[in-house]
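I opened this notebook to record what I looked up in one structure, entry by entry.

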Amino acid sequence: MADVPKDLLEQIKELERLFTVDQAKLKEVTEHFVKELEKGKSFQPSLTRRELIPPMNPTWVMGYPDGYETGTFLALDMGGTNLRVCEIILPEEKGEFEIIQSKYRMPEELKTGDSEELWEYIADCLQQFIEYHHELEDLEQMNSMNSKLPLGFTFSFPATQDFIDHGVLQRWTKGFDISGVEGKDVASLFEAALEKRNLPIKLSALINDTTGTLIASHYTDETMQIGCIFGTGCNAAYMENCGSVPKIAHYNLPPDMPIAINCEYGAFDNELVVLPRTPFDVIIDNDSPRPGQQAFEKMIAGLYLGELFRLVLVDLHDNRCGLFENQDIGKLRKAYSLDASFLSFIEEDPFENLSETSELFVTELSITASKPELELCRRLAELIGTRAARLSACGVAAICKKKSIENCRVGADGSVFNKYPHFKTRGAQALREILDWPQGRRDPVDIRAAEDGSGVGAALIAALTIKRVKAGNLAGIRNTDGMI
């Protein structure tokens with residue numbers, strides 16, 4: 001950066017101070033993470049305090065698949081951007097599957113609409129899918145015989161589950177704020193929309209995408225012990241013993257029976273004890289639909305990385321060094337006008353003169369940046385992306401420390417993990433620093449790309465639930481009608 005003026009160099013140094021997370025801070029965050037995960041397993045949250053710690057939701061997924069599950073299943077995936085409908089066939093070959101799927105864009109207005117609009121839209125997409133992939137006569141015959149296609153519904157928002165086919169939405173995340181759903185059983189709302197259209201579908205399991213990632217990854221690789229999502233939001237799931245989860249002690253389940261825990265650890269450190277927040281993180285939180293919630297998620301998730309970058313640039317223009325001086329930055333002032341892909345593009349620019357980044361600023365923001373300004377933007381993107389990757393490792397390390405896991409694979413999914421440059425290697429380096437692995441040896445905890453958790457994972461969990469019903473193990477299952 002020899003050609004960068006002194007005032008810009010000083011701003012870069014200040015940004016490095018703000019966004020760098022060193023080894024000592026990583027370890028401090030991880031130790032507090034372990035305490036909050038443990039607290040979440042015991043804590044029966046009140047309405048006023050439930051958002052302060054990760055809720056550690058029991059999922060009623062009681063163990064891993066053995067690889068020999070068979071049948072045809074539907075999977076519905078409601079994530080942050082798209083609605084996906086899948087039909088998954090589990091054949092007799094161990095660990096194999098076949099899948100057909102369709103994606104439907106979630107309209108932006110739906111994300112802040114009302115409950116009825118949401119469920120009508122979802123039912124409409126499901127109806128389109130099954131009518132396209134099944135003969136009308138077959139569907140009519142299924143209805144006449146009261147035979148239904150089992151469905152696993154991936155609902156990737158924090159929900160309290162007293163049963164696997166039930167889930168009360170705790171709070172919307174990922175920018176959603178649909179009225180009439182929080183505090184309600186989303187399974188019942190979904191089933192009512194299906195019944196209204198007389199669709200031959202049976203909701204067998206309501207799951208979170210992270211739990212699905214854990215189960216789908218273990219289905220094809222039995223060394224997978226943790227499932228993670230690093231995308232629009234962030235989360236992890238792992239298998240716990242029922243006897244180690246005080247909040248479900250009243251069910252009197254065998255203490256050694258496994259149960260998958262959906263951490264919902266985007267809510268880690270909402271009390272702001274250890275997270276190294278910058279003034280820009282504070283702005284993001286204050287201006288969000290849910291201030292004071294999802295503190296960890298707002299520092300590492302894809303939904304917020306572009307906004308962090310934008311806020312810093314606007315501040316540099318207005319208050320610091322006159323970045324983009326004498327230029328109209330009107331487009332840059334629009335909240336959430338940049339997403340994580342903007343930063344990815346900058347980090348991937350292969351040219352020394354950052355010509356692709358320069359063109360990006362012109363086409364997207366109508367800003368003509370000088371070479372030193374581009375250098376600052378490149379460094380800022382690196383800092384934000386690196387901080388996200390390093391902090392993301394703290395959650396994985398905390399689960400490993402809590403469960404005394406020394407060797408395992410972690411199945412990770414999500415747009416940030418899969419697409420953001422260097423996210424995997426930066427996260428792996430942070431894990432080494434937190435867990436003090438010796439130099440030169442293979443990483444004993446290896447984060448790898450996961451199997452399709454929200455599709456295949458949902459189908460597998462539906463299959464596992466039906467298998468449990470057949471075996472008479474009904475723990476955490478509300479309505480067995482139509483399952484067998």
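Predicted model: local features only at pLDDT ≥ 70, side-chain atom pairs only at ≥ 80, totals over all residues.

**Cavities.** I listed 16 residues in its lining, with Ser-156, Lys-174, Cys-234, Asn-235 and Glu-264 nearest the centre. When I sorted the lining by type, I found four nonpolar, eight polar and four charged residues; helix H6 (209-220) and strand E10 (234-241) each contribute at least two residues to this lining.

**Sheet.** I traced an open sheet of six strands with mixed pairing, in the order E1-E11-E10-E9-E12-E13, in which E1 (57-58) and E13 (445-449) are the edge strands. I then followed E9 (residues 224-230) against E12 (residues 408-413), which run parallel and are joined by five bridges; within E12, Ala-412 is the bridge partner of Cys-228.

**Salt bridges.** I found 36 salt bridges in the structure. In one of them Asp-452 meets Arg-84 at 2.7 Å, N to O, and this pair, 368 residues apart, links the loop between E13 and helix H15 (453-471) to strand E3 (residues 82-90). I noted that Asp-452 and Arg-84 are both buried.

I also looked up Arg-290 and Asp-177, whose closest N and O atoms are 3.3 Å apart in a salt bridge. Here I recorded Arg-290 as buried because its relative accessibility is 18%, under the 20% cut-off, whereas Asp-177, at 33%, counts as partly exposed. Last, I noted one network in which salt bridges with shared partners join Glu-38, Lys-41, Glu-240, Lys-402 and Lys-403.

Technical notes. Residues numbered from 1 in each chain as written. Heavy atoms only, no water. 1 Å grid on protein atoms, 1.4 Å probe; cavity = no way out; pocket = protein on both sides within 12 Å on 5 of 7 lines; lining within 4 Å. Helix = DSSP H or I, 4+ residues; strand = E, 2+ residues; numbered from the N terminus. Nonpolar A, V, L, I, M, F, W, Y, C, P; charged D, E, K, R; others polar. Pairing = 2+ DSSP bridges. Salt bridge = Lys/Arg side-chain N within 4 Å of Asp/Glu carboxyl O. Buried < 20%, exposed > 50% of the residue type's maximum accessible area, 1.4 Å probe, protein only.
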